[in-house]
Amino acid sequence: MFLLPPHLTTPFPSTRSTYYFPTTRHHQPPPPSAANPLISSSVATAAPLIADEGPNDILPLQNRRYDFTPLLNFLSSNSNSEPENNSPSPTQLDPTEFQLAESYRAVPAPLWHGLLKSLCSSSSSIGLAYAVVSWLQKHNLCFSYELLYSILIHALGRNEKLYEAFLLSQRQVLTPLTYNALIGACARNGDLEKALNLMSRMRRDGFQPDFVNYSSIIQSLSRSNRIDSPILQKLYREIESDKIEADAHLLNDIILGFSKAGDATRALKFLAMAQGNGLSPKSGTLVAVILALGNSGRTVEAEALFEEIKDNGLEPRTKAYNALLAGYVKMGSLKDAEFIVSEMERSGVLPDEQTYSLLVDAYAHAGRWESARIVLKEMEACNLLPNSHIYSRILASYRDKGEWQKSFQVLKEMRNSGVQPDRQFYNVMIDTFGKHNILDHAMATFERMLSEGIMPDTVTWNTLIDCHCKSGRHDRAEELFDEMQQKGYSPCVMTYNIMINSMGEQERWDEVTKLLTRMQSQGVLPNAVTYTTLVDIYGRSGRFGDAIECLEVLKSTGFKPTPTMYNALINAYAQRGLSEQAVNAFRMMTAEGLTPSLLALNSLVNAFGEDRRETEAFAVLQYMKENGLEPDVVTYTTLMKALIRVEKFDKVPAVYEEMVMSGCTPDRKARAMLRSALRYMKQRLNS
C-alpha cells in the first residue's frame with residue numbers, strides 16, 4: 001500500500017506556476033496502459049479545461065482533455081518506493097518525475113477531484129487514489145487538500161474500511177468537510193458511538209454540526225433497525241441545541257426513524273411539523289407512519305392518514321394498502337382486513353406477496369385454516385408462488401395460540417407445496433419450541449437447519465440462548481453464547497440484554513459488569529431494554545442503589561428514562577413491601593414528565609398491600625379513576641389480596657362485585673381470592 005501523506009505544518013503557496021500540460025489532440029482518449037490495467041479511459045482523462053485560449057487553439061473546448069495516464073502509470077510502477085515524510089523538493093527529484101510534475105502544474109483542482117472520485121469508485125483502485133493525493137501534496141499541485149482527503153475518507157467508509165479512514169484523517173487538521181466525511185463513514189458502517197463522539201469533538205473544535213451529519217446517523221440507524229425512540233429523542237434535542245433548522249430531508253428522516261422505532265405519536269408530531277412548514281414527506285415515509293399507527297393499534301388514525309394520501313391527489317400503491325392491512329391483522333379485525341383487500345382490487349392495485357402473507361396471517365389467527373389455503377391457491381393463480389415467509393406466519397400463529405404440535409403439520413404442508421424452509425422459518429420453529437419449553441425439539445430443529453446447509457443468524461442464536469435462559473438452563477445458555485462467538489457471529493445488543501438478565505438472575509454481578517464492558521469495547525450501545533433489564537435485576541435482588549445509579553447514568557448521557565424502567569423499579573420495591581421507596585420512585589417518574597401506566601399503579605397498589613397499608617392502596621384506585629385509567633383484573637385482585645392480608649375479609653366480596661360491574665372478567669386468581677375470603681368469613685362465623 002502507498003504511504004499515507006504526512007500532515008503538512010507549513011502553509012501552502014498562494015500562487016501557482018505558469019507551467020501547463022499541453023492538451024492531447026485526440027478526440028478519443030488513449031487506451032489503458034498494459035502496465036496498469038486498473039486505469040480505465042474514464043479514469044485517465046479529466047473534464048474539459050478552460051485555459052490557454054490563445055489564437056493557435058483551434059480545437060473546441062469540449063474536445064480538450066487532460067491525459068492522466070502517464071501519471072497513473074508512473075505511480076503504479078513506483079508503488080513500492082514509498083516517499084519519506086521529509087521528501088526533497090521537486091527540483092532535487094529525478095528529472096523524469098520533475099518533468100512529469102511540471103507538465104501537470106496548470107491542472108485545475110476540480111479535475112484532480114474528478115480523477116480522485118473516479119479512482120475511488122472501485123475498491124481495487126483506492127490504493128492508487130492514496131498515491132495520487134500523496135504525490136499532489138509532494139509537489140504542491142492541488143490546494144484543496146481537505147476535499148481530496150474527504151473523497152478518500154468517503155471511499156474508505158463505503159468500502160467498510162473505517163479504521164483506515166481514521167488513520168487517514170490523522171494526516172490533516174480536521175475541518176468541517178473532513179468531519180462530515182468521517183461522520184458519514186461511521187454512519188455507513190453502523191458505528192453510532194464513533195459518529196456521536198466525532199460530533200462532540202467537532203463542537204469542541206469550534207465547528208457546528210449540520211443537518212447532513214444528523215441525517216447520516218438517523219438513516220444509518222433506520223437501515224440497520226437499531227433505532228429506538230429514546231436515541232432519536234436525544235438526537236433531536238441535540239439538533240435543537242445546535243440551532244439547526246431541519247430541512248425537508250432531515251424531517252423526513254426523523255419521521256421515518258420514529259415510525260420504525262414504533263413511536264407513532266412522535267412520528268405524527270413531526271409529520272404535522274413538516275406539513276405546517278409546507279413540506280411534503282416522501283410517500284414511503286407516510287406508509288411507515290401508517291404501519292407504526294397500525295402496529296400500535298391506532299387503526300382509526302392509520303386509516304385517516306391513508307385517506308389523507310388520497311385527498312392530496314396521490315394514488316395509494318400496494319405498500320400503502322399493505323401498511324393499513326397490517327394494522328387490521330394485528331388488531332384481529334378480519335372483516336376490515338378482507339375489506340382492504342377488496343378495496344385494492346376495486347382500485348386496480350395488484351396485491352403482492354406481502355398482501356397475501358398478511359391475509360393468510362389473519363385467517364390463521366382466526367383459526368380459519370381452510371380460508372388460508374384458499375388464499376394460497378389464489379396466489380398460485382396469480383403466478384405468485386407461496387414462499388417460506390407465508391408458512392412462517394402460519395407457524396407463528398399456531399405458536400401464539402399455544403398449538404406447537406401443529407408445527408410438524410405446517411412443515412409437511414410446506415414441503416408438499418414444493419416450498420423449502422428457509423432460515424426465517426426455522427427461526428420461528430425454534431422459537432415455537434422454546435416458548436413451550438421443549439428444548440430438545442428446539443435443538444433438533446437447529447441441527448436440522450445446519451444439516452440442510454442453512455446458516456444461522458444472530459436471531460437464531462438469540463432465540464436459542466433466550467429459551468435456555470427462560471428454562472433456567474443458564475449454563476447451557478452460556479455455552480451457546482460462547483459457541484456463537486467462536487463461530488464468528490457477533491453478539492448484538494439483544495444478545496447482551498439476554499445474557500445480562502441471565503447473569504442477574506444468578507446474581508453473578510461481576511459477570512454483569514464484564515458483559516457491559518465487553519459491549520462497550522465492541523461498540524455495541526446499550527438501549528432502553530438494557531437499562532430496563534439492569535434496573536429490574538438490581539431491584540429484584542435488593543440492590544436498589546445500583547438500580548437508581550443506572551437511571552442516573554442514563555440521564556447523564558442525555559437519555560430520558562422510560563416508563564418501563566420506573567415500572568421495574570416500583571415493582572421491585574413492591575415485592576419487598578417497601579411502599580415508601582415505591583412512592584418515591586413513582587414521584588421520580590412523574591417528575592420526569594412521564595405518564596404513569598396501569599402497570600406502575602398496580603405495582604404501587606401491591607406495594608401498599610404488602611406493607612399492610614390498604615387505605616393507601618384504595619387511594620391509588622381512586623387516583624386511577626380520577627385520571628381516566630381503567631382498573632383491570634390485576635388491580636382488583638391485588639386490592640383483594642391487600643384486604644385479606646389485614647384480615648378485612650368482609651370487604652373482599654364488594655371489591656369482587658365492583659370488578660364484575662366495571663366489565664372486568666375475573667380470572668382464576670381473582671376467584672381464588674374471593675373463595676379464600678369467604679372461607680375465612682365462614683370460619684369466623686362457626687368459631
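1. The lining of the second largest pocket divides by class into 16 nonpolar, 6 polar and 8 charged residues (nonpolar: Ala, Val, Leu, Ile, Met, Phe, Trp, Tyr, Cys and Pro; charged: Asp, Glu, Lys and Arg; polar: the others, Gly among them). A pocket here is an open set of points on a 1 Å grid over the protein atoms alone, where a 1.4 Å probe fits, with protein on both sides within 12 Å along at least five of seven lines; lining residues have an atom within 4 Å of a point.

2. The model is predicted: local features need pLDDT of at least 70 and side-chain atom pairs pLDDT 80 or more, while totals for chains, interfaces and linings use all residues. Residues are numbered from 1 along each chain as its sequence is written, and side-chain values use heavy atoms, without hydrogens and water.

3. The volume of the second largest pocket is about 760 Å³ (the space filled by probe spheres set on the points, which are joined across faces, edges and corners). Leu525, Pro526, Tyr531, Val553 and Thr557 are the closest to its centre among the 30 lining residues.

4. Helix H9 (192-204) gives the most to this second lining, 7 residues. Helices (H or I, at least four residues) are DSSP runs numbered from the N terminus. Others supplying at least two residues include H11 (229-241) and H29 (544-556).

5. The largest pocket holds about 1400 Å³ of space. It is lined by 49 residues, of which Ser224, Asn225, Arg226, Ile227 and Met494 are the closest to its centre.

6. H24 is the main contributor to the lining of the largest pocket, with 7 residues. By class, that lining has 22 nonpolar, 19 polar and 8 charged residues.
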